[in-house]
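This briefing covers one protein model, arranged by topic.

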Amino acid sequence: MKTYTLQIGDITRELPIIPISDTLSIASFVILGDTEIVSKSAPLLAEKLPEVDVLVTAEAKGIPFVYELSKQLGMSRYVVARKNVKPYMDMPLVNKVTSITTQKEQLLCLDGADAEFIKGKRVALVDDVISTGESLRVLEELVKEAGAIVAAKAAILAEGDAKNREDIFYLEYLPLFQTIK
Ligand SMILES: O=P(O)(O)OC[C@H]1O[C@H](OP(=O)(O)OP(=O)(O)O)[C@H](O)[C@@H]1O
Ligand SMILES: Nc1ncnc2[nH]cnc12
């Protein structure tokens with residue numbers, strides 16, 4: 001299998017290159033289960049962020065990272081937008097999203113209690129990867145609807161064209177690849 005060598009700080013990972021369509025392949029970056037990449041990336045990104053009150057991420061792969069980054073920044077609570085409405089949510093804010101990997105519509109949902117918690121606060125939107133930017137855009141819409149102020153947007157990696165964005169903080173660039181048949 002072809003791989004892409006990713007270096008973050010002093011750690012290296014060989015990411016498998018996986019086709020996601022007839023024409024496009026990604027270097028698969030899955031931080032779930034990778035304690036080291038999460039714990040080493042968090043302080044590096046913490047250095048780049050402006051001061052904010054709370055971090056917000058989207059389920060699922062952003063969760064371990066936002067947990068570690070919140071600890072790093074001394075924040076006792078963070079907020080996760082879920083991909084489905086859960087019965088325990090109270091008056092959730094819901095929006096549709098399509099990311100580069102899902103290629104079909106899914107949801108992002110903010111529990112009403114979390115919406116109330118971030119109202120009027122300066123938030124940083126945090127994810128593991130920003131690629132097409134759709135997940136980030138929908139997350140931004142949700143937190144704005146909740147009355148929060150988006151003070152920063154950040155990820156461990158910027159993939160493809162996201163590397164040219166000037167409105168995001170990130171540690172490393174991740175290229176996209178052509179699918180070879
Ligand atoms: O900029 P975009 O094109 O929206 O891609 C980035 C999003 O894709 C990944 O999530 P994914 O949709 O793969 O879901 P998962 O975290 O549940 O695996 C990643 O965690 C981001 O949230
Ligand atoms: N390269 C990648 N690996 C895993 N999930 C992703 N979501 C967006 N880009 C991704």
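Does Ser 25 count as buried or exposed? In this predicted model, Ser 25 has a relative accessibility of 4%, which is under the 20% cut-off, so Ser 25 counts as buried. Ser 25 is part of strand β3, which covers residues 24-27.

**Surroundings of Ser 25**

- The side chains of Ser 25 and Thr 179 make a polar contact at 2.9 Å.
- Setting aside residues up to four places away in sequence, Ser 25 touches Ile 17, Ile 18, Pro 19 and Ile 20, together with Leu 176, Phe 177, Gln 178 and Thr 179.
- Phe 177 in β11 is the bridge partner of Ser 25.
- β3 and β11 run antiparallel and are joined by three bridges.

**The antiparallel four-stranded sheet**

- β3 and β11 belong to an open sheet of four strands with antiparallel pairing, in the order β1-β2-β3-β11.
- The edges are taken by β1 (3-8) and β11 (176-178); each has a single partner strand, so one side of each has no neighbour in the sheet.
- From one strand to the next, the twist averages 30°.
- Helix α1 lies across β1 and β2 (11-19), and runs at about 110° to β2.

**The parallel five-stranded sheet**

- A second topic is the open sheet of five strands, in which the pairing is parallel and the order is β5-β4-β8-β9-β10.
- Its edge strands are β5 (79-81) and β10 (169-174), each of which pairs on one side only.
- The twist in this sheet averages 25° from one strand to the next.
- Strand β4 (residues 54-58) pairs with β5 in the parallel sense over three bridges, and Val 56 has Val 79 in β5 as its bridge partner.
- α1 packs on this sheet, where it touches β9 (149-159) and β10; the direction of α1 makes about 125° with that of β10.
- Helix α4 (residues 134-145) also packs on the sheet and touches β4, β5, β8 (122-130) and β9; the direction of α4 makes about 160° with that of β8.

**Strand β8 and its partners**

- Why is β8 described as largely enclosed by the rest of the structure? Eight of its nine residues are buried, and β8 is therefore largely enclosed.
- β8 pairs with β4 in the parallel sense over three bridges; Leu 125 in β8 stands opposite Val 56.
- β8 and β9 run parallel and are joined by eight bridges, with Leu 157 in β9 as the bridge partner of Val 129.

**Helices α1 and α2**

- Helix α1 (residues 35-46) packs with helix α2 (residues 62-72) at an angle of about 55°, and their axes are 9 Å apart.
- α1 and α2 are therefore oblique to each other, and their crossing is right-handed.
- On the α1 side, the contact is made by Val 38, Ser 39, Ser 41, Ala 42, Pro 43, Leu 45 and Ala 46; on the α2 side, by Pro 64, Phe 65, Glu 68, Leu 69 and Gln 72.
- The buried residues of α2 are Gly 62, Phe 65, Val 66, Glu 68, Leu 69 and Ser 70.
- These buried residues pack against α1, β4, β8 and β9.
- Gly 74 follows α2 and has a positive phi, near 70°.

- Lys 61 lies in the loop between β4 and α2.
- With a relative accessibility of 29%, Lys 61 counts as partly exposed.
- Which residues does Lys 61 contact, leaving aside its neighbours within four places in sequence? They are Phe 29, Val 30, Ile 31, Leu 32 and Asp 128.
- Lys 61 and Ile 31 are 30 residues apart along the chain, and their C-alpha atoms are separated by 6.5 Å.

- Strand β6 (residues 93-97) has a covered face made up of Leu 93, Asn 95 and Val 97.
- The uncovered face of β6 has Val 94 and Lys 96.
- β6 pairs with strand β7 (residues 106-110) in the antiparallel sense over five bridges.
- In this pairing, Gln 106 in β7 stands opposite Val 97.

Notes:
Residues numbered from 1 in each chain as written. Chains lettered and ligands numbered in written order. Predicted model: local features only at pLDDT ≥ 70, side-chain atom pairs only at ≥ 80, totals over all residues. Heavy atoms only, no water. Buried < 20%, exposed > 50% of the residue type's maximum accessible area, 1.4 Å probe, protein only. Helix = DSSP H or I, 4+ residues; strand = E, 2+ residues; numbered from the N terminus. Pairing = 2+ DSSP bridges. Polar contact = N/O pair within 3.5 Å; in protein donor to acceptor, adjacent residues only side chain to side chain. Contact = heavy atoms within 4.5 Å. Axes fitted to C-alpha atoms, helices over the stretch in contact; angles between N-to-C directions. Parallel < 35°, antiparallel > 145°, perpendicular 65-115°, else oblique. Left-handed = near helix turned anticlockwise from the far one by under 90°.
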